[in-house]
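Dear colleague,

I am passing on the structure below, and after it I set out what was found. Please read the notes beside the model itself.

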Amino acid sequence: MLASILVFIWISIQKTEQDEHDTFKVGGSIVFSILSLIFATEVTAAGTNHLSANPQTLIMTAVWLGLSIAAFVIGSLKTFKTATYIGVGILFLTLFKLVLYDLPFIPMAIRALLFIVLGAIGLIISRLFYKK
């Protein structure tokens, strides 16, 4: 299902390269991002079910962070602003997940390191986002 949505978005991008606000491109990109996030969450949960709660939440946060970076990079390289905004949105969603859900499961040293990494990634994305 993810592959078919991605193919439809790619075809739409090829046909209407100059129209950034095409409803199908924007809506399809958002649906694809949500489904990708759900799929990555389920695959990560299935792959880490033998671990305790602490490594599971850290790996899940890392996977979400990777999806955010991937969406941002794709948006930047292909000059597809919707993907860039989706990447930033997933980054904020990851930060909210980290603050509201993951904090009780993470030891203090790893928590500090995780916030430093998220802050650095946020600064890099902010710099790349406003550079253009």
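This is a predicted model: local features need pLDDT of at least 70, side-chain atom pairs count only at pLDDT 80 or more; totals for chains, interfaces and linings use all residues.

Residues are numbered from 1 along each chain as its sequence is written, and side-chain values use heavy atoms, with hydrogens and water left out.

The chain has five helices and zero strands (DSSP runs numbered from the N terminus, H or I of at least four residues for helices, E of at least two for strands). Of its 132 residues, 33% count as buried (under 20% relative accessible area, with exposed over 50% and partly exposed in between, 1.4 Å probe, protein chains only).

Thr94 lies in helix α4, residues 81-102, and counts as buried because its relative accessibility is 0%. Beyond its neighbours within four places in sequence, Thr94 is in contact with Thr61, Trp64 and Leu65 (heavy atoms within 4.5 Å). Trp64 also has the charged end of Lys97 over its ring, 5.4 Å from the centre (NZ of Lys or CZ of Arg within 6 Å of the ring centre and within 35 degrees of the ring normal).

Ala70, in helix α3, residues 53-77, is partly exposed, with a relative accessible area of 35%; its C-alpha atom is separated by 7.3 Å from that of Gly87, 17 residues apart along the chain.
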